[in-house]
Amino acid sequence: MQKIVLLGDEAIAQGAVDAGLSAVYAYPGTPSTEITEYILRSKEAKNGGIVASWTTNEKTSMEMAIGTSYAGKRALVTMKHVGLNVAADAFMNAAITGVNGGIVIVSADDPSMHSSQNEQDSRYYGKFAQIPILEPVNQQDAYDMMSYAFEMSERLNVPVLIRITTRLAHSRAGIVLGEKTPQNELKLPKNSRQFVLLPGIARVQYKSLLANQPLFEKESEEKGYNMLLDGKDKSLGVITTGIAYNYLMENFPEGIDFPVLKIAQYPMPLKMLREFYDSVDEILVCEDGYPLVEEQLKGYLDLGKTVHGRLDGALPRDGELNPNIVAKALGHEIVEQYETPGVVTQRPPALCAGCPHTDSYTALNVVMEYYGEGRVFSDIGCYTLAALEPLESINSCVDMGASITMAKGAAEAGLVPSVAVIGDSTFTHSGLTGLLDCVNAKAPVTVLILDNGTTGMTGGQTSQATGKIEDICIGLGVDKDHVRVINPIKKNHEENIKVMQEEMEYNGVSVVIPRRECIITLGARIRASKKK
Amino acid sequence: MQKDIVLGGVGGQGILTIAATIGTAAVNKGLYLKQSEVHGMSQRGGDVMSNLRLSSEEIFSDLIPQGKADIVIGVEPMEALRHVKMLAKDGWLITNSIPFKNIPNYPEIDGVIEELKRFPKHVILNADQIAKDLGSLKAANMVILGAAIPFIGLELSDFEGALKMIFGKKGDDIVNLNINALKAGMKEAEKFL
């Protein structure tokens, strides 16, 4: 059978296209970005009239998807795990509205924090919202699950969460494609109040979500993604969730003798779990994330059979799994390894040669020498790398948009001046509201909006801020004399220092916009224009 | 047949082109493939690696177990050493000898090369020079891949086919340059057999 080689992310994207998708909305975030990027590139999606777009943030994406669903069509929303925090309000309530056209949310978790500020496990969100969760074991699963997810979403009137982790997202494998489903026709919800979550209506809908829980569980028991694989050695049983199954099987090239409960769909299949539990002496739980299943299985008092996993130290409490970690938990002998030689030196990521941020920070560092250290609140993007040597310019990076609001809090606590440094795309993602708070409080805060015209860290996606930043700031009430645009190039170093210093001296909200195109997108643009 | 290959380099050095070439050659042969990559923050000049697994049987893990890689390929010498934990005791270490210095404390290159030579099975080559002699420094990656071909278990013709698929749109000159680079790398590797 013909196979095409796709990243896990791309398999999800193609799976959605083949499942009759009408719209995908997303804000880029590692390791989820390539899903929407693939659909944006896909000729098939374009010819089929599939709407694919980057949006200002994950919450607006999620809400647009609910709108698509309202109109009867199938919508996909993709994000990284922390993006689900931003989308959480809409996400939780979508579980109560239910769907008209199917809604699938993909949340890509990043255990070991390869490119993230935490390693939260999105399955808790699925459980919190009480909706079905799918956790593909491999790239083929990821593809196949998309059509099932949309079909189930419509059949059971509920959004479906797909949870993946970095290694599945960013690993390629050969995929066998399935049949294609046509898109839904435009169709209003049968019940005109379905999407009106007034308390009286929401109470009824919430009861129906609760009443549907046994149906969700039945899907988990019967659909075939969860499997109870019997084994003759009952001294141990292993529960795996998602890709942990692969790390287990990697340790048994000749096949495994222990019974295995392979989980790829939630809520947990309780009948299967009961049968498995009763048949084995002890249990090892392998999850590429938080110990969600393990914790539930043990319960508060841990009165049942011995359960090994992340909670008793058989597996590390944090970080992603790999074949060696699982081998150790199984008591397998680890093959002898070479030691890493002492000459090997750390090579941390850094701003690119010619990056405009370097020039912005070089000027800012001079200014901050005057005011004293510890006053620069930053945000999430390439420019966060200025926390490291050689620049060491910034003092915070917490969540999207937090630079501006943390600077306000610190300024009001007496740290004057306080400076916020935020990228253009992060500014429109979550910085606008904080800036309005600053304006309303007349807070003595200087905000540097580093405008490189793109969403750089994730690979140069369209920034929703491009061409609008000054108007937005003035519109929010920043005095137009204190919205200053500078060009961060070496030649302007002295002048840029002067502008920054003037604005820090101003006792109110000021915005400085260092504007120069990202060196990577500039290079790509020049190469593309040469080709033409 | 099963081959586990770790590729190491610096973000922006193009290890994904090597990975894509091996991957395409393997899939064309009807082999199973898993190829995990690094995206995101580390791509900004940090160290990056790719795990490449080819097999005639189904492959489970996207990650190669430590100490079990058949080959570690370094596009850069210190990055080759960074991943020797992955290398099997009888595995091959294949690397470019030319350092990529984007950190202030890059170690003395002589010491790095000396460490590389301690591995019983190694191929160390100046891929940059060989590529320049062929007409373009950009082909250095394919020289390094060429040096690994004798150990991967696929034929040169498999890789030629893959290069035609990957670079075909860019014209015959680019395809031929890359094929010549593969051959030059292979020839260099024979000196170490």
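How many residues of chain A are in contact with residues of chain B? I looked this up first in the model, which is a predicted one. I found that 38 residues of chain A are in contact with 41 residues of chain B.

**Entry: the side of chain A that touches chain B**

I noted the elements that each supply at least two residues to this side of chain A: α8 (166–169), β8 (171–175), α11 (244–249) and α14 (323–329). The largest share, 4 residues, comes from β8(A). I then sorted this side by class and recorded 20 nonpolar, 12 polar and 6 charged residues.

**Entry: a strand pair across the chains**

I followed β8(A) to its partner in chain B. It pairs with strand β2 (residues 32–36) of chain B in the antiparallel sense, over 3 bridges. As one example, I recorded B:S36 in β2(B) as the bridge partner of A:S171.

**Entry: a sheet in chain A**

I traced an open sheet of 5 strands in chain A, in the order β9-β11-β10-β13-β14, with mixed pairing. β9 (227–229) and β14 (307–308) of chain A each have a single partner strand, so one side of each is left without a neighbour in the sheet. I also looked at strand β13 (residues 282–287) of chain A, which runs parallel to β14(A) and is joined to it by 2 bridges. Here A:L284 has A:H308 of β14(A) as its bridge partner.

**Entry: two helices in chain B**

I examined helix α1 (residues 15–28) and helix α5 (residues 140–152) of chain B, which pack at an angle of about 40 degrees with their axes 10 Å apart. α1(B) and α5(B) are therefore oblique to each other. Among the residues making the contact, I noted B:I18 and B:I22 of α1(B) and B:I144 and B:L145 of α5(B). The residues of this contact divide into 5 nonpolar, 3 polar and no charged.

Conventions. Residues are numbered from 1 along each chain as its sequence is written. Chains are lettered from A and ligands numbered from 1 in the order in which they are written. This is a predicted model: local features need pLDDT of at least 70, side-chain atom pairs count only at pLDDT 80 or more; totals for chains, interfaces and linings use all residues. Two strands pair if DSSP finds at least two bridges between them. Axes are lines fitted to C-alpha atoms, for helices over the stretch in contact, and angles run from 0 to 180 degrees between N-to-C directions. Angles under 35 degrees count as roughly parallel, over 145 as roughly antiparallel, 65 to 115 as roughly perpendicular and the rest as oblique. Two residues are in contact if their C-beta atoms, placed from the backbone, lie within 7 Å. Ala, Val, Leu, Ile, Met, Phe, Trp, Tyr, Cys and Pro count as nonpolar, Asp, Glu, Lys and Arg as charged, and the others, Gly among them, as polar.
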